[in-house]
Amino acid sequence: MAGPGIGKSALAEAITERLSPEMIVLRIHGSSSLSGVPFGVLTPYTAELTAEDSVSPVAVLRSVWTYFEKLKNGKDTPLLLVVDDAHHLDDASAGIVADMISAGWASVVAAGRPRPGLPQPLDQLWYDGLADRVDLRPLNREQIEEVLAHILDGTVPAGTVDSIWSASGGNPRILDALLHDAAEQGVLAKRNGIWMLLGPLPSDGARLTAVVSKDLLRRRPEEQEALKLVALAEPVSRKVIEDICGAELVRTLLDQQTLVEGNGSPAVLRVWNAVIGEAVRKSVSVSRSLQLLEKLRAQQEAPPSSAEGRLRAAEWALECGLKVAEPELLEAAATAIAGFRNRSARTMAARVQDPLLAPRARAIQARALFNEAHYAEAANALDRCWLEVTDSSEAAHVLLLRIAAHQALGQPVAAIVAESRELLRQAGLLQGPSSARPAEAESGTPSHSPAYPDLGRPWQDQMLHLLELGEAGDHNALGEVVQDIRGRNPAEPADDALRAIGLALHSHALSAAGRGVQGLDAALLAASELPTLRDGVFFFNEFVLGRLVMDYLAVGEWESAERELANYAKEQAAGAACFNGGVQLLRGYSLLRQGRIERAYQLLLPAVEALRLNDPLQLFRFGSSLGFYVAARLGDAAQAARLELDYKGATTGTPANELLAKAYAAAAAEYVARDGKGLASIHTLATTSEVSIREGMNLELLAICWDLGDHSVIPLVPALAGKVEGRWAAALLTLARNWESEDADALMDSAANLEASGFVNLARESYARASTVLEQSGERRRSRQAIALREKCDHELGERFREGHFIAAAPAVHLTRREQDIVELAVQGLTDREIAQRLMVSVRTVEGHLYRTYVKLGVRSRDELASALPK
């Protein structure tokens, strides 16, 4: 039992192929056109009956039995009856099939849909224990990942898997069509060994169009019209569709799961799959679409109540060549851009010509271009409109988006801010000949007085000043300014944006300065401002998220960081094409900080490729440095060389990220050359004023040196770690103190505590140090115990080798969940057939998985598996 496209017919065909050498196979195909004809599908076996006998169950059963006996030709070969689309069987035919099973005349494999379900006689067999029911379900994410790994030669990153899983709904037929169409149109492409989606999955490809057309042709005309109507209008009121098409028809489509009903009131209908819905829309001619639109409007008492419904109404009207009022177009464009429907947003916003509405419309067009990584076009559009947006709350979004677009083109923030101030003065929005504050103008030196910015000065100047302080990393000045803005009463329209930006920048500066706990508090306050900022063109959500996650990582709260990223990915799936590279980079950076280098490697390389396509937060250089680092640390020379070139050729990012990028790139160069030059570069970087004022970052640089085997930094750690807030600094402080004490008992105890607290990489170092100290003191038994515990940490971290002071983990090996299950059973000594029976798969599937596992692990036989797996 399964819905359409899940694979029930394919499974029935595979069973037939497998059993045909041993059984006589007969096929029956249910049909909606014959579902009301008694014994209709059995006509080929009852051709010799009279008209009167053809409706007699006894006569039909006897005729079918006679036909079977002729096929057997006196042989004792068993019969297999394969019934496809069994949900379309009439009750009389279903009764004959049930009688055949009960009498033992034949074995039956029936494939049908759970809705409307099988006829009662077949269902009764299951209740009576005479039949087994197998429910096939859509592929889950893990299964989609396994399919893609089998089909595609190369790495398929999480973002690509998520997009394909979401678009296909786990339906194998749609999955197959989408993959073929995406590959044929160049949307799914291999970049540096990684399969990337270069745009939205196509809904107009030949394969998917064929799937949709075939499904429509199998439906009754009234079903086709209802389905097209819902697809063109979704989300659309259920009552309206029932008034047009009839309540019974709507219930039928819901039972078939062709339509789904949304939550809330009033009830709304959608096509079960968004890509299928779009494909259905594209199959409707303009003239027919216009007729359906007029029919719908005749039944609607008012415009759709939801913003999404009004968006679709505007799109549909434009598709039919109708005029839409400009305020409605602008509202629809804003809804589209909030859902990352960039093409639709640009199309509608471009039609807005009203001088009062046009500036905001151009800003929406610019955000759509920005989402698509057309940063130069976005910057040009924003340059033309940012001074024309008069509403302060909207103008704050536009100002920030303009700065981000110019940053993405490689322009430094200081230059953008200076130019913005000059343009504001020319427009009469700023007073005075100089952009400097009064104290600076007189002394020539920066002043971070809490009195500035003057809360009576334009909000634009206050925003630009916040960005300047954020670039400088001046957490003291930022804190004073943010406190003044938060205390302003009455608040001004742009204050929500000022508070969110100020708090986010303050949190990042605090964490870099070693005040991670305070930084986390500021980031959480910034997040509390987000609900009021959702309707504009700037990406406040992602701006705050990145800093919140970095704050969690700074204090060693790995699980909290992952929770925030997971929540974002779940709630903002539509924005994956734009921001997924940054999300995966943060995940990889988190794993790197935890010492899980192989897993970090598996995330960072795809993240770099995603950022190469779309880098709204200017993270490509930082990501390239991290990728270079993990590749070099794992001994992947080819990838390291490529990523080094990416790093060197990338545009400089934000100051804090740039400093970390330099440190990780220098460490990577040290892993590659092992000549001391990279290590020296990190030591030099740590003495610069930019790093010395950022104590949290300075401590991270010392940790990098320590990982490189430079134990000269260990005496420096206690003094610095004592000033840095958070669990990670406290854990590093404990390790450093016990390391220098050479107290084996303290090292073993602290290692156990570190491991329990989630700092497995630090626990590993503590166990390693303890084993050395114990060996030197002659306690070899305890030393071996420490080594065993160290190896346990290595296994958890995914590291299998260490050479000298340099970690040289084996090349990344990623076994899918199914491969892991099969390998575990193979190592236990089960045969291929026993594994197949245990996992309910075919022997061929087991053989294929084992072969791919041999290649990944570099072994030639089952006997070598156990030794190749991590201990």
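Is Ser771 buried or exposed? Hi everyone, let me start there. Ser771 is buried, at a relative accessible area of 6%; buried here means under 20%, exposed over 50% and partly exposed in between, with a 1.4 Å probe and protein chains only.

A word on the model: it is predicted, with local features needing pLDDT of at least 70 and side-chain atom pairs pLDDT 80 or more, while totals for chains, interfaces and linings use all residues. Residues are numbered from 1 along each chain as its sequence is written, and side-chain values use heavy atoms, leaving out hydrogens and water.

Back to our serine. Ser771 sits in helix α39, residues 760-776; helices are DSSP runs of H or I with at least four residues, strands are runs of E with at least two, and both are numbered from the N terminus. Setting aside neighbours within four places in sequence, Ser771 is in contact with Ser783, Ala786 and Ile787, where contact means heavy atoms within 4.5 Å. Its side chain also reaches the backbone oxygen of Ala768 at 2.7 Å.

Now, over to a sheet. Three strands form an open sheet in the order β1-β2-β3, with parallel pairing; strands pair if DSSP finds at least two bridges between them. β1 (24-29) and β3 (107-110) are at the edges with a single partner strand each, so one side of each has no neighbour in the sheet. Strand β2, residues 79-84, pairs with β3 over four bridges, and Leu81 has Val108 in β3 as its bridge partner.

Thanks, and happy to go back to the structure with you!

Note on methods:
A polar contact is a pair of N or O atoms within 3.5 Å; within protein, one must be able to donate a hydrogen and the other to accept it, and residues adjacent in sequence count only if both atoms are side-chain atoms.
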